Amino acid sequence: QGCNPLAETGRSKLQNQRAVLNQQILRAVRMRAGAENLLRATTNNKVREQVLLELSFVNSDLQILKEELEGLNISVEVYQNTEETFSIPLVPLGLKETKEVDFTLPLKDFILEHYSEDSSEYEDEIADLMDLRQACRTPSRDEAGIEMLISYFLQLGYVENRFFPPTRHMGILFTWYDSFTGVPVCQQNLLLEKASILFNIGALYTQIGTRCNRQTQNGLENAVDAFQRAAGVLNYLKETFTHTPSYDMSPAMLNVLVKMMLAQAQECAFEQMSLPGIRNEFFTLVKMTQEAAKVGEVYMMVNTAMTQEPVKENIPYSWSKLVQIKSDHYKALAHYFVATILCDHELQSSDDEDQQEKALSQLYDHMPEGLMALTVLKDKVQRKQLGKAHLRKAVVYHEEALRVCGLCKKLRNIDVLQEVLTAAHKRSLLKYAQQEKEDDFLSLIQTPDILPKTEHKVETITPQFSKVKVKDFFHRLGPLSVFSAKQRWTAPRTIRFHCEAGELGFSLKGGSPVQIYCLDPACSAASMGLKEGDYIVSVGGVDCKWLGVNEVLEKFKSVGEQPIEFEVISCQDTTASMHSKSATYSVGMQKTYSLICLAMEEDKIDQTKKAPLKLPFLSWGTKNRQKAASTLCLPSAVAGSSQTKKKLSPFALLNTESSLY
């Protein structure tokens, strides 16, 4: 079960505020769409002036709403551990919001029409599916919540194969709101639902990671693992759904999010090493220098990715500034550690010169001009000069971090961030003051860059969906290899016959359901309408879709001298034309996309020509992939498509490269 959506927890309040903002953004976007349509339609100058004035107000409201949504995305304090901590906050992802979906009528109609079964007998299964989806809107922030989301994701694989044929839409509209812009995307394709659930699995992992207690080794280990798993899920989403109609799930945005989660995992790994305390010892400080430089490097790469198009306009401003602050902060720490090595540790006769020279030289790509590693270690003056150069560099980075923090109002309000940055800055200033002399201006050395290196490389952890065991809610419909939405059969036919001299007149083969083969055309069963290749679905009124050959034969024998009565179905031609009408509603912040209906009147098609198949808006095909100009656009129809391969398992989807248009 999901969390109580009415619970007055900080996280629930944030999600409720997000839902309200999404509705306000939707209303504003619809008003803008109507105003733009009126502007295009009218020729009256007075009306145009009024519409332009209204548009300016609507655009201002949209900008304000977007800034409020950004404020929710940077409300990191709510997601942090409740224990008192002195660490820079980590950034979680908010869950995507969705509207309720009623599966009842579409699925019941499909069961009656396609499977020729009494749909009222499956009301409990449909209710279970809807309850699971509703619970997934408010998952608990722990492994149970992750398992529930994965269960629903896997269940969608069964539902897709059972009820969503490739030749038509089911009329079920899925609506999901963009996590960053609040813009809704509505589609009739189940793949939008699957992609959004994957995003929420990754987002929930980030919330679990930020909730871990970073004052304990176990808590930091769990945080590293959670962020690696979040990166793995988001990376899987990026590689599986290569074109999405939502900005937060576009490949460019997912690429940035994956890098950010790995950077936060690297940061937690650094904190894990420094938690017991950093000993003021030569080789320990060398190691911590390179680890801090590594954290600074990965955050610098994230900051670079955030400033690129097309994600630049949709990434929260406070996120990009926080990433820049962390990059400068950890670079400053690296220079401070080197300065401590040079200022506090003079080479003693008992020290290993070769090891220290090697360790120091590995910190740099190249030594400053005129200096050598061994000379610096032995020469007290050169050693102190280089150490002070690193301290100056550390102070510069600390001051830049504080300056950037002051530029963002939301970051200025995070007290612990200000405290950490100020304390680190004061420590470097104090260290520099202890080394300062009047003739310092005569001994300026250009500070070399520090080479990053880590012994704790973080990597994405690919999601292991197979570890979560789920049972197909609609198991009673029969084996999925036969009873799927892609297959079509005749209605069940009753065959009633007597065995002649103990012979059936046909043989059985296959697993479940069993199939008729080697049928004698002259036997009594054939005269009653039995055909070669028919599937037996019941014997004596008892369902036997899941029974094997031996079990069905036993049921035949148990009849004794009585006539044998069983029901069979015959497979029909699965080739069918695509429905020619579909509708997709998708709106964007920069541009307005109104309701788009793709209609093709069948009576206008030349009967002498074959009507081209229309690609679904969300397609898993690789051969018919088209590169869309935008993540919010409709691909054009392509004439002809390769024959759809038979899908035997819902999990076959998890191992194929796919596209989401």
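User: In this predicted model, is L386 buried or exposed?
Analyst: The model is predicted, and in it L386 lies in helix α13, which covers residues 380-407. A residue counts as buried when its relative accessible area is under 20%. Because the relative accessibility of L386 is 0%, this residue counts as buried.

User: Which residues does L386 touch, not counting residues up to four places away in sequence?
Analyst: Contact here means heavy atoms within 4.5 Å, and residues up to four places away in sequence are not counted. With that limit, the residues that L386 touches are L342, Y364, M367, P368, V376, I445 and P448.

User: How far apart in space are L386 and L371, C-alpha to C-alpha?
Analyst: Along the chain, L386 and L371 are separated by 15 residues in sequence. In space, taken from C-alpha to C-alpha, the distance between L386 and L371 is 9.4 Å.

User: What distance separates the end C-alpha atoms of helix α4, and what span should its residues have?
Analyst: Helix α4 runs over residues 123-136 and has 14 residues, so at 1.5 Å a residue it should span 20 Å. The expected span is 1.5 Å times one less than the number of residues. The end C-alpha atoms of α4 agree with this expectation, as they are 20 Å apart.

User: Which elements are included in what covers the buried residues of α4?
Analyst: The buried residues of α4 are E125, I126, L129, L132, R133, A135 and C136. What covers these buried residues includes α3 (104-114), α5 (143-163), β1 (174-177) and α6 (190-211).

User: Which residues have the most contacts inside the largest nonpolar core?
Analyst: The largest nonpolar core has 137 residues, and apart from it lies another core of 20 residues, among them L504, I516, L530 and F566. One of the residues in the largest core is F163, whose contacts include L107, F110, Y115 and F474, when residues up to four places away in sequence are not counted. The residues with the most contacts inside the largest core are F163, L257 and F474.

User: Which residue in β8 stands opposite V539?
Analyst: Strand β6, residues 535-539, is mostly covered, with 5 of its 5 residues buried. Strand β6 pairs with strand β8, residues 564-569, in the antiparallel sense over 4 bridges. Within β8, the residue that stands opposite V539 is F566.

User: Which residue in the turn between β6 and β7 has a positive phi?
Analyst: Strands β6 and β7 (residues 542-543) pair in the antiparallel sense over 2 bridges, and in β7 the bridge partner of S538 is D543. The two strands form a hairpin with 2 residues between them. In that turn, the residue with a positive phi, of about 60 degrees, is G540.

Note on methods:
Residues numbered from 1 in each chain as written. Predicted model: local features only at pLDDT ≥ 70, side-chain atom pairs only at ≥ 80, totals over all residues. Heavy atoms only, no water. Buried < 20%, exposed > 50% of the residue type's maximum accessible area, 1.4 Å probe, protein only. Pairing = 2+ DSSP bridges. Core = buried A, V, L, I, M, F, W, Y, C linked by side-chain atoms within 4.5 Å.
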